[in-house]
Amino acid sequence: MENEIFQLQYALDTFYFLVCGALVMWMAAGFSMLEAGLVRSKNTTEILTKNVALYAIACIMYMVCGYAIMYGGDIMLSTITGDGVTGAEEPATYAPSADFFFQVVFVATAMSIVSGAVAERMKLWAFLAFAVVMTGFIYPMEGSWTWGGNPVFGMYTLGDLGFLDFAGSGIVHMAGAAAALAGVLLLGARKGKYGEDGSVKAIPGANLPMATLGTFILWMGWFGFNGGSVLATASVDSANAVAIVFMNTNAAAAGGLIAAMVTARMIFGKADLTMTLNGALAGLVAITAGPDTPSALQATLFGAVGGVLVVFSILTLDKLKIDDPVGAISVHGVVGLLGLLLVPITNGDSSFSGQIIGALTIFGWVFGTSLIVFGIIKAVMGIRVTAEEEYEGVDLSECGMEAYPEFTMK
Amino acid sequence: MKLITAIVKPFKLDDVREALSEIGVQGITVTEVKGFGRQKGHTELYRGAEYVVDFLPKVKIEVAVGAALVEQTIEAITKAANTGKIGDGKVFVSPLEQVIRIRTGETGEEAI
């Protein structure tokens with residue numbers, strides 16, 4: 001009897017894990033649509049190519065060595081078999097390959113964040129070269145120090161210091177934003193974004209219905225992102241935890257959206273849709289580090305704080321001439337940090353000092369290594385398209401085809 | 001014969017077409033165009049940054065008419081397209097040397 005219940009639990013948890021992984025996989029579609037909507041039409045094909053290619057690269061590199069670096073085991077997943085990890089101390093409560101599948105889609109999410117920030121000016125192949133290193137090495141290293149539980153270069157263990165990041169405000173989102181920031185700093189702004197007098201010029205996105213669809217897809221995928229991070233659902237306790245996480249994830253997104261919309265209305269006099277969309281994502285990022293402990297009201301307020309912060313962050317980055325076409329650094333980086341710092345308010349297992357040390361560790365590692373890798377790629381093959389290619393659109397120079405060949409007026 | 005070219009606000013196109021049909025105009029050519037006049041462009045806002053839209057969308061209507069219909073046509077267009085606000089557009093009248101109907105080879109007012 002006991003064995004039968006265990007089998008049922010194993011099957012249910014594995015099934016839940018896989019469905020959540022599929023939901024997170026769908027976030028790749030969300031990022032693709034969001035980014036395709038917020039760039040100009042002449043750069044659409046290229047941003048879509050980057051998004052599909054980075055997803056596939058993440059899947060391959062995490063299989064080759066990323067998972068092994070993060071959680072142990074051998075490269076190429078050779079120690080993962082159908083019925084468990086060879087040599088594991090305890091019997092798993094779900095299929096090990098389901099764990100790999102759930103983890104690999106998170107890597108792709110982190111990498112998707114980079115593509116939006118460097119959009120409209122970065123060379124396709126230089127970006128993909130970076131994606132190989134990011135998903136195969138940079139992300140798995142910081143993942144091993146956090147979710148993997150390994151000490152940071154043998155010096156300190158983040159978990160012991162009170163660092164807690166439930167589904168990855170810091171580990172996934174801020175990490176992606178740190179790499180994005182390094183890329184943007186080396187790339188420079190898009191031509192025409194900033195005037196010589198320091199003024200900020202608008203470069204409107206081509207397709208706001210697409211950006212809105214992308215945001216809703218991300219919002220939906222986030223239920224897998226946060227909900228799956230409970231790692232189990234086959235008991236009353238874990239089922240309750242999953243339900244709370246779903247509820248709070250949704251509440252935070254709603255709070256962030258309204259807060260950003262109202263903030264934009266108060267600052268600009270108009271309800272800016274792109275800011276509003278960024279607000280929903282900011283709410284989601286803000287709750288990701290701790291969706292299991294706040295009340296629904298607290299989650300809504302946490303999301304709202306993220307929604308307000310993201311608007312000011314986007315405006316501040318523009319003042320600093322850090323050109324981020326989709327607001328990825330603000331949404332995932334600045335609000336990712338906020339998410340980490342909000343956890344100790346409702347969760348006694350974490351501490352502010354632990355969260356700050358964890359954030360500094362993740363940011364320092366990812367930003368530093370990304371700067372080096374982008375720097376090497378820049379020296380070897382260059383990372384930015386020529387001024388003429390940028391003017392004509394990277395669709396033609398990188399992919400040789402337009403996204404809307406029948407009604408693009410040149 | 002005259003070629004009457006009118007630049008009007010896009011949302012007035014239907015009114016103008018009806019007014020022209022009523023006075024017996026047989027055909028018109030319509031083009032979506034962009035440009036500026038005294039109305040200039042206008043500013044829009046995107047993520048907190050203002051940008052100027054220099055050229056506003058308008059509709060260009062071209063009508064070829066015989067001498068008898070010229071005044072009526074101008075009146076119909078100006079009446080139908082008038083909102084009293086800036087940006088209503090203009091009507092240009094220019095002489096038309098020759099008109100040929102391709103199918104039959106008719107020329108002059110016969111061909112209009």
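**Strands, helices and the chain contact**

Visitor: In which sense do β1(B) and β6(B) pair, and over how many bridges?
Guide: β1(B) and β6(B) are paired in the antiparallel sense, over 7 bridges. Two strands count as paired if DSSP finds at least two bridges between them. Strands (E, at least two residues) and helices (H or I, at least four) are DSSP runs, numbered from the N terminus.

Visitor: Before we go on, what are the ground rules?
Guide: This is a predicted model, in which local features need pLDDT of at least 70 and side-chain atom pairs count only at pLDDT 80 or more, while totals for chains, interfaces and linings use all residues. Residues are numbered from 1 along each chain as its sequence is written, and chains are lettered from A and ligands numbered from 1 in the order in which they are written.

Visitor: Back to the strands: which residue of β6(B) does B:I4 stand opposite?
Guide: The residue opposite B:I4 in β6(B) is B:V93.

Visitor: And how many bridges does β1(B) make with β5(B)?
Guide: β1(B) and β5(B) are joined over 7 bridges, in the antiparallel sense. Within that pairing, B:A6 has B:I61 of β5(B) as its bridge partner.

Visitor: What is the order of the 4 strands in the open sheet?
Guide: The order is β2-β5-β1-β6 in chain B, with antiparallel pairing. β2 (29–35) and β6 (89–95) of chain B are the edge strands; each has a single partner strand, so one side of each lacks a neighbour in the sheet. From one strand to the next, the twist averages 20°.

Visitor: Which strands does helix α1 of chain B lie across?
Guide: Helix α1 (residues 13–22) of chain B lies across β1, β2 and β5 (56–65) of chain B, and runs at about 10° to β5(B). Helix α2 (residues 70–81) of chain B also packs on the sheet, touching β1, β5 and β6 of chain B, and its direction makes about 5° with that of β1(B). Axes are lines fitted to C-alpha atoms, for helices over the stretch in contact, and angles run from 0 to 180 degrees between N-to-C directions.

Visitor: What about β3(B) and β4(B): how many residues are between them in the hairpin?
Guide: There are 2 residues between β3(B) and β4(B), and B:R47 in the turn has a positive phi of about 50°. These strands run antiparallel and are joined by 5 bridges; one of the bridge pairs is B:Y46 with B:A49 of β4(B).

Visitor: How many residues of each chain take part in the contact?
Guide: Chain B gives 7 residues and chain A gives 12. On the side of chain B that touches chain A, the elements that give two or more residues are β3 (42–46) and β4 (49–53) of chain B, and β4(B) gives the most, with 3 residues. By class, that side has 4 nonpolar, 1 polar and 2 charged residues. Two residues are in contact if their C-beta atoms, placed from the backbone, lie within 7 Å. Ala, Val, Leu, Ile, Met, Phe, Trp, Tyr, Cys and Pro count as nonpolar, Asp, Glu, Lys and Arg as charged, and the others, Gly among them, as polar.

Visitor: Which element of chain B has the lowest mean pLDDT?
Guide: β4(B) has the lowest mean, 84, and strand β1 (residues 2–8) of chain B the highest, 97. Chain B averages a pLDDT of 93, and 100% of its residues score at least 70. pLDDT is the predictor's confidence in each residue, from 0 to 100. The model scores ipTM 0.74 and pTM 0.87.

Visitor: Turning to chain A, at what angle do the axes of α7(A) and α8(A) cross?
Guide: The axes of helix α7 (residues 236–268) and helix α8 (residues 273–288) of chain A cross at roughly 140° and come within 7 Å. That makes α7(A) oblique to α8(A); angles under 35 degrees count as roughly parallel, over 145 as roughly antiparallel, 65 to 115 as roughly perpendicular and the rest as oblique.

Visitor: Is the crossing of α8(A) and α10(A) right-handed or left-handed?
Guide: α8(A) passes α10(A) in a right-handed crossing. A crossing is left-handed if the near helix is turned anticlockwise from the far one by less than a right angle, and right-handed if clockwise. By class, the contact of α8(A) with α10(A) has 9 nonpolar, 5 polar and no charged residues.
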